[in-house]
Amino acid sequence: MTSALHGLKVLDFSTLLPGPFATLYLADLGAEVIHIESPTRPDLIRVLPPYAHGQATAHRYLNRNKQSIALDLKDPKNIELIHEKIKSFDIVVEQFRPGVMQRLGLDYATLAAIHPKLIYCSITGYGQTGSYKDKAGHDINYLALSGIAGHSGRQDSGPPPMGVQMADVAGGSMHAVIGILSAVIERQQSGLGQYIDISMTDCVVSLNNMAAAASLAGQQKQHPEQHILNGGSFYDYYQTQDQRYLSIGSLEPQFMQGVAQALALPILLEKGASLDPIDRQAVKQAVQAKIAMQPLAYWQACFAELDLCVEAVLTLDEALNSNLAKERNWVTQVPFAEGSRETEAQLALPIKFSRSQAVYHYVGQALGEGDWPS
């Protein structure tokens, strides 16, 4: 078996989360990734606690399979070195603010003049154009401007701080991977590379999908706890007697009927599909009162053999050690270094192929530990 992206070479100038998570996927899929880092201003993810074996756990994960090269990009000799080596690369990924790479002499126009087949992806908060392009931002700001935060959470408590960086990853990382691999396929036809402008805000806006369709074409304003899927129906989380939570997503008639029977709640059958906000609130209150009568373990046992879209809300530790995690190989063991017998548990690549396989050569390297490709 071979890896799906074997043969592709990536020059990665990105730091923190969005770019490194994108190039992690490329590396796990078999691409050769060279990560360029400053020797004096290292990637801040390297100092983000907690640590394992003397390195930040996030860095050891996000930069696995990548060669770390320490280069001062303010040194003209190092810019010349990159110009010399760029023809051996297929893809460049960078995450600086607009204009930085141009000032360094590493922008797309300069590198494409040397290597016309180069695919060059820039990941920024607000894109390369527009009035926001030079503004600083973080995941929470992109979610705020995208409208997602505006129709998420509770009416009485506002938008929730997410447990994951949705705009950084689903907006930046994943759209970057889609754009890069689309350009690789297009290059097979045209023989040319191209520039990819990924705005994390632009891309996370697209995750509004159904809500945006209702707003744009249906002229329906979006608010928290208004619709079936954002807390406006019994499709929701319910607190148990022991202050845990149970998720109930039983929207279809057969599932709704099954839950109504399991909970002995006829109101769920009578008003569960109602569009009336008062009816919906009455149903949610009845479900909450019932769920609060027993601890989570009771409800897990109750619904274990019932195919009704009801599941416990697990902690991350519980999830990563669950039977499902083991059955689907969510976690893998990654060597400390190429060929090392010492390993570290990390999240596995979730994409599963019939012929290709993921690669796990080593965890993220120490600064400057890597080598250029031969």
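1. Arginine 60 sits in helix H2, residues 57-62; helices (H or I, at least four residues) and strands (E, at least two) are DSSP runs, numbered from the N terminus. Arginine 60 is buried, its relative accessible area being 3%. Here buried means under 20% relative accessible area, exposed means over 50%, and partly exposed lies in between (1.4 Å probe, protein chains only).

2. The model is a predicted one, in which local features need pLDDT of at least 70 and side-chain atom pairs count only at pLDDT 80 or more, while totals for chains, interfaces and linings use all residues. Residues are numbered from 1 along each chain as its sequence is written, and side-chain values use heavy atoms, with hydrogens and water left out.

3. Which residues does arginine 60 touch, leaving aside its neighbours within four places in sequence? Its contacts (heavy atoms within 4.5 Å) are Ala52, His53, Gln55, Phe336, Glu344, Gln346, Val363 and Gly364. Tyrosine 237 lies 177 residues from arginine 60 in sequence and 34 Å from it in space, C-alpha to C-alpha.

4. Glutamine 222 is in the loop between helix H9 (209-216) and strand E9 (236-239). It is buried, with a relative accessible area of 18%. A polar atom of its side chain lies 2.7 Å from the backbone oxygen of glutamine 220. Apart from neighbours within four places in sequence, the residues in contact with glutamine 222 include Gly150, His151 and Ala211.

5. How many disulfides does a search of the whole structure find? The number is zero, a disulfide being a pair of cysteine sulfur atoms within 2.5 Å. The sulfur of cysteine 203 is too far for a bond, because the closest cysteine sulfur, in cysteine 121, is 9.0 Å away. Cysteine 302 is in no disulfide either, and its nearest cysteine sulfur, that of cysteine 309, is 15 Å away.

6. The two cysteines also have computed accessibilities. Cysteine 203 is buried, at a relative accessible area of 10%, whereas cysteine 302 is partly exposed, at 25%.

Terms used: A polar contact is a pair of N or O atoms within 3.5 Å; within protein, one must be able to donate a hydrogen and the other to accept it, and residues adjacent in sequence count only if both atoms are side-chain atoms.
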